[in-house]
Amino acid sequence: MRGNTLYIVVPCYNEEEVLPETARRLGEKLKALMTAGKISPQSRALFVNDGSKDRTWEVITRLHKENPLLCGADLSRNRGHQNALLAGLMTAKDKADMVISMDADLQDDVDAADAMVDKYLAGADIVYGVRSSRKTDTFFKRTTAEAFYRMMDLLGAETVFNHADYRLMSRRALEGLAQFQEVNLFLRGIVPMIGYPTDTVEYERGERFAGESKYPLKKMISFALEGVTSLSVKPLRLITGLGFLVFFVSLIMIAYNVVRWATGNTVTGWASLACSVWLIGGLILLSLGVIGEYMGKLYLESKGRPRFIIQQLLDEEHSGDQQ
């Protein structure tokens, strides 16, 4: 019989508007699962404050006082969604038998947690929440999101299609995750590397309940680049292939110019010269940019800095834990 203590980890950044409703729904869900005998009374919801600039931590503190099922962890400063999520997962790892991670905006269907718990009790160590469709998305959002997943797979960052960070992980899977020590995190690509039995649960993603999206297009592009360069060296190999291609084209151009010289056509065309200069210059800058991205990551990884520092836990009498 597998242990059945559940923690729901919710990273929060400037979420004071939506937190009361999120807490209410999660509290009801925990009580319903307890009543059904699927989870133990020690189960909790853990809100992780990622250095918010609004009253998010004050709201979490008040919610904790009102309902002991709701816990909180306050990071010392803003560390980004992935590090805040990791902080919650590692905090819950030794307290829970299974942990569900989800965003605070209530776009993830809270009721899908029932099926996740069932699949965990049936033997799955990792259960991915996968969107059944993108009917509610705009055409632009749908096409860019699907292009994001396809590009990630093409460039070597293995992900689960239409899966974000709504997932269940067993304690064993979390212990496996703890062995990945990289500073540059992309959990959507790291979790599939863990292995162990996996399953999926489909759900309909709703509209954001309140507040503003924390992932506009600019951040999504940055997130995609972070994921690719953190998990794959394919961009470097593409640069090598591009170098061979340009070298091959240059040999053709040399042969072409030699033939023109031999036939007495020695007047050089300005258009072809200008295009060649701009093309080669652009390729060099692009290549240097990609190489620089990898060099920057190597620099940060070599420092071994903590990925997060927790300055306060609401359910325990200590602070300052770090990873």
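Predicted model: local features only at pLDDT ≥ 70, side-chain atom pairs only at ≥ 80, totals over all residues.
I started with D199, which counts as partly exposed at 29% relative accessibility (buried is under 20% relative accessible area, exposed over 50%, partly exposed in between, with a 1.4 Å probe and protein chains only). Residues are numbered from 1 along each chain as its sequence is written, and side-chain values use heavy atoms, with hydrogens and water left out.

Next I looked up the partner of D199. D199 makes a salt bridge with K119, with 3.4 Å between the closest N and O atoms (a salt bridge is a side-chain nitrogen of Lys or Arg within 4 Å of a carboxyl oxygen of Asp or Glu). D199 sits in strand β7 (residues 198-203) and K119 in helix α4, so the pair ties together parts that are 80 residues apart in sequence (helices are DSSP runs of H or I with at least four residues, strands are runs of E with at least two, numbered from the N terminus). K119 is partly exposed too, at 27% relative accessibility.

Then I checked D125. Its salt bridge is with R172, and the closest N and O atoms are 2.6 Å apart. D125 is in the loop between α4 and β5 (126-131) and R172 is in helix α6 (residues 171-178), so this pair joins parts 47 residues apart in sequence. Buried or exposed, I wondered about D125? D125 is buried, with a relative accessible area of 2%, while R172 is partly exposed at 40%.

I also found a network: salt bridges that share partners join E21, R24, R25 and E28.

One more pair: K29 and D111 meet through their side chains in a salt bridge (3.1 Å, N to O). K29 is in helix α1 (residues 19-35) and D111 in the loop between β4 (98-101) and α4 (112-121), 82 residues apart. K29 is buried, at 10% relative accessible area. I get 15 salt bridges for the structure.

Last, I turned to α4 itself. Which residues of α4 are buried? I have A112, A113, M116, V117 and Y120. They cover an arc of only 140° around the axis, so they are on the same side of α4 (the arc is that of the directions from the helix axis to the C-beta atoms). What covers them includes β1 (6-12), α1, β4, β5, β6 (163-170) and β7 (contact means heavy atoms within 4.5 Å). Just after α4, I noted G123 with a positive phi of about 125°.
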